[in-house]
Amino acid sequence: MQWETVIGLEIHAQLSTQSKIFSGSATTFGAEPNTQASLVDLGMPGTLPVLNAEAVRMACKFGLAIDAEIAEKNVFARKNYFYPDLPKGYQTSQMDHPIVGKGHLDITLEDGSTRRIGITRAHLEEDAGKSLHEDFHGMSGIDLNRAGTPLLEIVSEPDIRSAKEAVAYVKAIHALVRYLGICDGNMAEGSLRCDCNVSVRPKGQAEFGTRAEIKNVNSFRFIEKAINHEVQRQIELIEDGGKVVQETRLYDPNKDETRSMRSKEEANDYRYFPCPDLLPVVIEQSFLDEVRASLPELPGQKRERFEREFGLSTYDASVLSASREMADYFEQVNATCGDAKLAANWVMGELSSLLNKEGLDIEQSPVTAEQLGGMILRIKDDTISGKIAKMVFEAMAAGEGSADEIIEKKCLKQVTDSGAIEAMLDEVLAANAEQVEQYRASDEAKRGKMFGFFVGQAMKASKGKANPGQVNQLLKKKLEG
């Protein structure tokens with residue numbers, strides 16, 4: 001039997017406000033445990049929440065960016081459940097009247113095709129604290145610093161059909177919230193977390209299968225692995241005569257498996273009711289107009305502009321617009337060198353390879369955009385070849401100065417004097433007279449392979465400094481003359 005995977009994702013994005021959603025407590029990551037939890041965060045009697053206006057602004061930014069309906073009136077509700085890291089015994093969230101309604105996001109897949117994923121809603125809520133299970137000798141510790149941090153929960157439609165599509169969607173959300181400046185997207189610190197709702201059904205069946213929810217997956221790689229494992233688990237279970245039960249599961253990256261955590265709650269299990277301490281939030285059109293005017297160029301818009309303005313492929317434009325920092329770096333390189341294709345090749349090639357190797361973000365690049373653009377100019381004016389440029393790039397990364405300084409200091413200037421190149425080629429051909437005779441006696445197919453040998457000898461003799469184009473042109477004349 002052929003199976004179809006159905007996936008819906010719930011992404012929790014911590015909003016980058018200076019204070020919590022209902023109190024003035026700081027939201028700085030990594031502070032000493034329980035030093036950033038006020039009486040409001042702790043749910044002490046007599047305290048009242050005050051809504052953070054900046055959290056509302058950030059939610060509206062997101063809603064406008066996904067072309068969603070923004071609720072003129074939205075309401076906070078109490079979601080009741082009892083965990084040790086939830087000091088009030090309820091979470092202040094939104095249920096029936098979320099701030100952001102239906103919208104959509106277009107994603108680009110590995111083959112360059114695009115898909116539109118529906119977004120059901122995005123609502124504001126407060127984060128819970130954190131249970132710590134290490135170094136407490138069999139007990140758990142509770143850190144309430146995170147309690148009350150503003151979250152935007154982004155709920156997709158069940159439109160995703162594979163683990164790779166799921167990763168593409170999460171990456172698109174990750175890029176969007178960073179472009180908007182509403183979330184730093186640091187998954188290692190829990191700023192962006194994902195719950196994956198996964199089910200399978202026979203190919204062609206309209207009805208959805210029973211879903212399992214994989215909670216709090218915090219890396220793109222783990223999202224893909226967790227979904228793939230869960231899909232395989234469900235298929236094998238059904239084909240063996242079993243039934244999938246609706247439950248919450250955890251992904252264990254060490255064992256590459258999901259395991260049962262608890263039965264899945266339904267909305268009525270949480271006994272939602274409107275929060276009596278918070279008035280409905282009314283969004284005026286003038287406020288929305290102001291937020292809309294503040295929106296930056298979004299990832300999809302930037303990708304389209306890169307294709308249109310610079311003639312880049314969809315793939316190149318997608319990679320370069322994946323993060324705001326990468327896009328800005330590329331545009332600065334291009335502004336310096338005036339060659340978008342060369343700039344794209346170097347940013348996506350040598351620079352990205354260096355950053356991956358060193359574990360650096362592009363903001364930490366040891367080679368500035370101006371330095372890279374300056375080096376590309378030296379390739380364009382034939383001062384250096386592409387091969388020498390790699391040596392120059394390595395020297396720039398090591399802090400040895402600009403491209404011009406390195407070229408001068410290391411005498412790396414390319415040889416473009418035709419007379420000098422011809423004299424060098426005469427020496428190469430004289431030293432390889434036997435191969436020259438073989439070349440001239442060979443057919444066209446064999447000549448193609450042998451020609452590379454002579455080019456290699458010539459570049460070796462010039463220590464890589466001879467202009468490759470001139471070497472090829474003059475060598476062909478001499479061999480066939």
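This is a predicted model: local features need pLDDT of at least 70, side-chain atom pairs count only at pLDDT 80 or more; totals for chains, interfaces and linings use all residues.
Me: How many helices and strands are in the chain?
Reply: Helices (H or I, at least four residues) and strands (E, at least two) are DSSP runs, numbered from the N terminus. The chain has 15 helices and 15 strands.

Me: How do I read burial, and is Asp-41 buried or exposed?
Reply: Buried means under 20% relative accessible area, exposed over 50%, and partly exposed in between (1.4 Å probe, protein chains only). Of the 481 residues, 48% count as buried. Asp-41 counts as buried because its relative accessibility is 7%. Asp-41 belongs to the loop between β1 (3-14) and α1 (53-65).

Me: Which residues surround Asp-41?
Reply: Contact means heavy atoms within 4.5 Å. Leaving aside neighbours within four places in sequence, the contacts of Asp-41 include Lys-20, Ser-23, Gln-36 and Ala-147. A polar contact is a pair of N or O atoms within 3.5 Å; within protein, one must be able to donate a hydrogen and the other to accept it, and residues adjacent in sequence count only if both atoms are side-chain atoms. The side chains of Asp-41 and Lys-20 make such a contact at 3.4 Å. A polar atom of the Asp-41 side chain also lies 2.8 Å from the backbone nitrogen of Ser-38.

Me: How are aromatic pairs described?
Reply: A pair of aromatic rings is described by the distance of the centres and the angle of the planes. Rings of Phe, Tyr and Trp (its six-membered ring) pair if their centres lie within 6.5 Å; planes under 30 degrees apart count as stacked, over 60 as edge-to-face and the rest as tilted. The structure holds nine aromatic pairs. One of them, Phe-310 with Phe-330, is edge-to-face, at 5.6 Å centre to centre and 80° between the planes. This pair links helix α5 (residues 299-310) to helix α7 (residues 324-337), its members being 20 residues apart. Phe-330 counts as buried, at 0% relative accessibility.

Me: Which ring has the charged end of Lys-79 over it?
Reply: A charge sits over a ring if NZ of Lys or CZ of Arg is within 6 Å of the ring centre and within 35 degrees of the ring normal. For Lys-79 the ring is that of Tyr-270, with its centre 4.4 Å away. Tyr-270 also forms one aromatic cluster with Tyr-81, Tyr-83 and Tyr-272.

Me: What is the strand order in the open sheet of three strands?
Reply: Two strands pair if DSSP finds at least two bridges between them. The order is β4-β3-β14, with antiparallel pairing. β4 (90-93) and β14 (273-274) each have a single partner strand, so one side of each is left without a neighbour in the sheet. Strand β3 (residues 77-80) is joined to β4 by four bridges, and Ala-77 stands opposite Ser-93 in β4.

How values were computed: Residues are numbered from 1 along each chain as its sequence is written. Side-chain values use heavy atoms; hydrogens and water are left out.
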